[in-house]
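This report describes one protein model together with its ligand. Please consult the sequence and the structure shown below while reading.

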Amino acid sequence: MGTLVRTSKFLSAARDINGIVTITMRRPPLNRMNLEFMSEFSNVLRDLERDNCPGAILTSYSNKVFSAGFDIGELCNPEPERFNDFYTEVQNNWTQLYGSTFPTVAVINGHAMAAGCLLALSCDYRVMIKNRTIGYNEMQMGLATPTWFTATMLNTVGHRHTELGVTLGKMFTTDEALNINLIDCVADSKEEGIQKALSFLEKFTHFLPKSYTFAKHSLRGPFIKQLKENQNEETQLAFRFLKDPEVIKKLEIVKDKEQTQFLTSKVA
Ligand SMILES: CCCCCCCC/C=C\CC(=O)SCCNC(=O)CCNC(=O)[C@H](O)C(C)(C)COP(=O)(O)OP(=O)(O)OC[C@H]1O[C@@H](n2cnc3c(N)ncnc32)[C@H](O)[C@@H]1OP(=O)(O)O
C-alpha cells in the first residue's frame, strides 16, 4: 500500500511511489465520527496540504461500513463546551476536505450514512462498491440536515434529488446512487475501487496545481466562504436543536438496541 506517513488512533495515511496518499479510517466497528476522530482527520489534511500532496484517496478499513456518521454520543443531549469543540472541528474538517488544493477520491467500500455520506461527497470523485448504501438519513433519526451538508449534495446531484434525498432521509443503493450521479463509478471490490481512484487521479498529473486549485475554488469557494462566515451561528443553531426535548427523546430511543436493528434493516 506504500509508506506509512502518519498513523493515529483512528486513521492511517500511506503514500505510494507517485505521492498519492491513501487515508484509511479505522475506528471499529463503524467509523463513528467523534471529536477525537475529527481532530485526527483535520491533522492529516493539514499535513497533506503542507507537503503539497498530489492526490488522496479516502476509504475504510471495513468493507461493510465506510462510516456510520456522527457518533450519537456527540449529539444526544450534548454538553456545550464539548459540542462546540466537536462541531467546530467538523466544520473545519469540511472546509479542508471540500476545499483541498489537491484532488481527492472516496472509495466507498461500505455504507456511508449522514456525516459519512458528507465525507464522501466532499471528495472530488466517488467510486462505490456494489450492494452498499449512501445518503443523508438524518430525518429517520429525528435529526435535521445541516445547511452545508445539503449544499454539498445539491452541488453534486442538483436540487430535486437533494430535496427528495434530504427530506425523506433516503439511503440510496449503489445502483440508485450511480443513476443520479451521487457516485461516479462502481467497483466489485475495494482493490478495484482503489485502481479506479488511481486512474482518476492520474488525469491530474500534468496539470499545474495552481490551475487546478483555481478551478476547484471557483466552484466550491463561495460555499466554503458562506460556512466560514456563519460558523458560530450554525453551531448555536445545531446546539439549540439538539437540546429540544423531543429531539433528545428520539435520539435516546435511537440509541436503544431495538431501534438500531430497525435502522439496520432499512439499509440491508
Ligand atoms: C438545525 C440543524 C441541526 C443539526 C444537528 C444535527 C446534525 C446531524 C448531522 C449528521 C448526523 C449523523 O451523522 S447521525 C449518525 C447517522 N448514522 C446512522 O444512522 C447509523 C445507524 N446505524 C446503522 O444503521 C447500523 O449500525 C450500520 C448499518 C451502520 C451497521 O450495522 P451493524 O449490524 O454492523 O451494527 P449494529 O447496528 O449492530 O451497531 C453496532 C453498535 O453500534 C451502535 N451504533 C450504530 N451507529 C451508531 C452511531 N452513529 N453512533 C453511536 N452508536 C452507533 C449500535 O447502537 C450498536 O450498539 P450496541 O452494540 O451497544 O447495540
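Arg 27 counts as buried because its relative accessibility is 15%; buried means under 20% relative accessible area, exposed over 50%, and partly exposed in between (1.4 Å probe, protein chains only). Arg 27 sits in the loop between strand 3 (21-25) and helix 1 (35-50); helices (H or I, at least four residues) and strands (E, at least two) are DSSP runs, numbered from the N terminus. The side chains of Arg 27 and Asp 71 are joined by a polar contact of 2.9 Å, that is, a pair of N or O atoms within 3.5 Å; within protein, one must be able to donate a hydrogen and the other to accept it, and residues adjacent in sequence count only if both atoms are side-chain atoms. Beyond its neighbours within four places in sequence, Arg 27 is in contact (heavy atoms within 4.5 Å) with Phe 10, Arg 32, Asn 34, Phe 37, Tyr 61 and Asp 71.

The model is predicted: local features need pLDDT of at least 70, side-chain atom pairs count only at pLDDT 80 or more, and totals for chains, interfaces and linings use all residues. Residues are numbered from 1 along each chain as its sequence is written, and side-chain values use heavy atoms, with hydrogens and water left out.

## Backbone features

Most residues other than glycine have a negative phi, and most peptide bonds are trans. Pro 28 and Pro 29 are joined by a cis peptide bond, with omega about 5 degrees; Pro 29 belongs to the loop between strand 3 and helix 1.

Asn 31, in the loop between strand 3 and helix 1, has a positive phi of about 50 degrees and is buried at 0% relative accessibility. Asn 77 has a positive phi of about 45 degrees and lies in the loop between helix 2 (72-75) and helix 3 (80-98). Its relative accessible area of 36% makes Asn 77 partly exposed.

## The ligand

Among the 27 residues around the ligand, Lys 64, Ala 68, Phe 70, Ile 72 and Asn 137 come nearest. An N or O atom in the side chain of Lys 64 is 2.7 Å from a ligand oxygen atom. A ligand nitrogen atom lies 2.6 Å from a backbone N or O atom of Ala 68, and a ligand nitrogen atom is 2.9 Å from a polar backbone atom of Ile 72.

Definitions and conventions: Near = heavy atom within 4 Å.
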